[in-house]
Amino acid sequence: MLQGERQYVVPLYQRRYSWERKHLRKLWDDLIGVIDAGDGASHFLGSVVLAPSPANTPAGVQVWLVVDGQQRLTTLSILLCAIRDHVRATDGRLAAKIDDLYLVNRYANGLERYTLLPTQADRASWQALVEGSPDAGGEDPIGEAYQYFCRELASAADSENPHEIARIEQAIASQLSIVEIAAHPGDNVHRIFESLNHTGQPLTQADLLRNYVFMCLPTRAEFVYEQQWRPLQGLLTNDQLETLIWLDLVMRGDDRATQAAAYHAQQQRLAAFGEAEIESWIIELHHKARLFRTILNPDSEPDDALRRGLDRLDRWGAQVVHPVALRILLARDAGELDGAAAARAMRAVESYLVRRMIAGIGSTGSNRVLMTLVKELGDAVPTAEEITKILSGNRKRFPTDQHIREAVLANNFYWSGRGPQRAYILRCLEEDLRHGEQVDFDRAKLTIEHVLPQSPTEEWWAMLADEVDGNDSPQDLHQAVVHTLGNLSLTAYNGKLGNDGFSTKQQILRDSGLAMNREIAKAARWGGQEIRARGKSLAERIVKIWPGPDDSVGTLPPEPRWRLMIEVLASIPSGRWTTYGDVAEVIGCAPVAVGARLASVPAPNAHRVLKSTGQISPDFRWPDPARTEDPRTILEKEGIRFDAVGRAAARQRITAAELARRTDLDVDVPEVVDPEHPLPALLEGSLTGKPGGPTEPAPQAHLDEVRRSNSAEGKAGDLVCYWIMSPGPTHTGRNQIRDFIERGEWRMDPNPRFESKVADMLSGERIAVRTRRTTVDDVPFDRRDERVSVMDFELTGTITENPGNGCSVRVDWDPEPPAPRRYYLYTSQDTVWALVRGKTPVWDDLIDFAFEGKTQQNIDFLRNHPYWRDRFGDR
């Protein structure tokens, strides 16, 4: 459809391009699925309704208005653009082919040059992509879609089962089907659009198969329906029945079967069957339905060992285990396995999944391996030994014990897999430590706790500083260990534990009902040494709980997480930059290793990775010796702003957490406070209690968005922030208030977590410096033997200048008060905390107290807020 000298124009009355990540992922999955299914497979994308442009003439490019289908058409064009750019350096012929066939009309001029011309709001972004401009692929919807496909292409080209990029282009051209409906000049194209988008309920795969099957049973239909099909339907929902139809194909060795094409595959298989054979198949399907229901509802399994095995796989939450689980249950029902042997077979599958997640190996490869496992088993009994032998085979990448020991110490466990899977591993470690003693984890409502906090206080930084030498900083050590498994635990008191020092946490952990927390509480301190020692201990328990590969079969070692690094780098949009440390934090390695890799191996957007100061590393090298461009020149063309000493603008930096989100890692928010009673969401502040644990004080992305919105509307002064800051360097704890006053400034050490916030501070905004601690003395209410968090405000002033370095601002300080002014309960330990008036009553009260001279805070309101009410509220 895109080929030929034509142009497709999205009319002005159409909405902008609006596909989100979920839509892009669905298209990509469908595309890869049709490639895996072979050359004869196809996938129907829907229809496109076109109308000839009234401005058409017999000569020149023929223009068609896109009445319906512009989202699909635009997405395919963006994907083709991403393919072109991915292969440009290695396959110039394919890149030129994509340009000439799909993206441009080579011999046309002006806007007629573009095969697709989106609506005006999207036009500039699209033209930048087609022309390969330096600022192409920004953060608008078209740019986000481009970055998504760039990341997927990078992953596909470097995955365990790489798809040749040219094959992807061929699949778009020959295996994705679109119905083109071209209206005549007098046709009512909107009536056609309404007819195509009717609201009738479409038939499901199960509906289609049922109708076909019973048409093939002219004499036995009623009996078979009443005796087999109707009870079968009663066991499963319609979606589950569709899954069962697909599982039946997989059980028969069709490892390329897809749920979307299950009806057609079953229809082809059953076409040669007579009535008796079809009836026999339905009886067999009914039997599988009963077993599949057991997989979905493990509590219905009477055998204790097998029920626990099924429950463990169910808690892991991956549907890809369903084929092998059904194969194991079929073997048990056939008398080939007893309950204990079937449970061991389930554990072998679980071990493969758990070990790969801990080792940082993506799930895409494991999905494919488990899909083919049933076929590879053939007629063999699916014992734990046989399953382990197959999973230990070439290219299966089953991590060994040594790989697990290394990964536990180095990898970012907190962003691996999905949240429930991380919690499941910690839960299993706790159960193993308790030697069979049961805990009702479902009722306990446990969450993952960082013992060393994600946002350390001065006390924590001082502890880390004692461990580092001249080659590393406390920030480097923190970044290396904070998200590793050795620093993580389960607790029901996440908000209560918060960011306070280890001695405070010890008291709570010592009284915990979980054995793992009581173990942590025995430590005298909690720094890098203790985290790594615990990691080593946990690794030994992991290799015992989840057995590894069969040593008799050769096992390829899992590669380091360089494939994930490629995906991370491909996700960085034009006009943004990140640091070596941020990339290292996401992929689980040292920043030095990231720099060495980028200097030796081609990687997308490598020039967008800078030092933590925002400067280009003096050691930066293009992997291609022939490439001599100045990376700063390229970055400036992309929109990055540099200051006089070569530091990129802090507000344009992408943090590790944002990189992880862009790469579809399951990123938890920093320390949860009180999910039952959150404050209003807009620029939500932090609550602390016994003792405090702040959430992210003012999400920078949200703050920037509001700033830009106000500026665009001519209201730049409408959003005024009030800034509450720490009093000194985070790693020494030295109070710098005297220096602040003498120098007329506020300053912090370089800290990537807060640099973008500092860069966003504006002249004329108010700033306050506070210290924060917990206390049991001089509290103006009944604390009931609870510790109370307090902030002492030492200094206030007005910002006069922001040099843009992300570390300091010039300040006209107010006269120093004779004594600090104390504020109770609602506190934050973060170095930088932004407040906005009118967003919450709590913020307004704090602003009035800290900046406007209010003598008393509204302590009764805070005491009776849902977060503190149980401890300090009126009885």
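This is a predicted model: local features need pLDDT of at least 70, side-chain atom pairs count only at pLDDT 80 or more; totals for chains, interfaces and linings use all residues.
Two strands count as paired if DSSP finds at least two bridges between them.

Strand β2, residues 43–52, runs parallel to β5 and pairs with it over 7 bridges. One of the residues involved is Val49, whose bridge partner in β5 is Ile181. The pair belongs to an open sheet of 5 strands with mixed pairing, ordered β4-β1-β3-β2-β5. Out at the edges you'll find β4 (116–117) and β5 (176–182); each has a single partner strand, so one side of each has no neighbour in the sheet. As background, strands of a sheet pair through backbone hydrogen bonds, either parallel or antiparallel.

**Helix α15**

Next up is α15, a helix of 20 residues covering 339–358. From its first C-alpha to its last it reaches 28 Å, close to the 28 Å expected at 1.5 Å a residue. Is this helix largely enclosed or left open by the rest of the structure? It's largely enclosed, because 17 of its 20 residues are buried. At the start of α15, Asp338 brings a side-chain oxygen to within 3.3 Å of the backbone nitrogen of Ala340. Just after the helix, Gly360 adopts a positive phi of about 80 degrees.

**Rings and charges**

The model has 17 aromatic pairs. Among them is the edge-to-face pair of Tyr148 and Phe149, with 5.5 Å between centres and 70 degrees between planes. Tyr148 is buried, since its relative accessible area is 2% and the cut-off for buried is under 20%. Phe149 also counts as buried, at 0% relative accessibility. Ring pairs bring Trp28 into a cluster with Tyr148 and Phe149.

Some arginines sit over aromatic rings too, including these:

| Arginine | Ring | Distance to ring centre |
|---|---|---|
| Arg627 | Trp622 | 3.7 Å |
| Arg821 | Phe849 | 4.2 Å |

**A look at Arg747**

Arg747 is part of strand β11, residues 745–747. Its relative accessible area is 34%, so Arg747 is partly exposed. What does the side chain of Arg747 make a polar contact with? The partner is the side chain of Glu745, at 3.2 Å. Leaving aside residues up to four places away in sequence, Arg747 touches Gln736, Phe740, Cys807 and Ser808. Further along the chain, Val758 is 11 residues from Arg747, and their C-alpha atoms are 9.5 Å apart.

Definitions and conventions: Residues are numbered from 1 along each chain as its sequence is written. Side-chain values use heavy atoms; hydrogens and water are left out. Helices (H or I, at least four residues) and strands (E, at least two) are DSSP runs, numbered from the N terminus. The expected span of a helix is 1.5 Å times one less than its number of residues. Buried means under 20% relative accessible area, exposed over 50%, partly exposed in between (1.4 Å probe, protein chains only). A polar contact is a pair of N or O atoms within 3.5 Å; within protein, one must be able to donate a hydrogen and the other to accept it, and residues adjacent in sequence count only if both atoms are side-chain atoms. Rings of Phe, Tyr and Trp (its six-membered ring) pair if their centres lie within 6.5 Å; planes under 30 degrees apart count as stacked, over 60 as edge-to-face and the rest as tilted. A charge sits over a ring if NZ of Lys or CZ of Arg is within 6 Å of the ring centre and within 35 degrees of the ring normal. Contact means heavy atoms within 4.5 Å.
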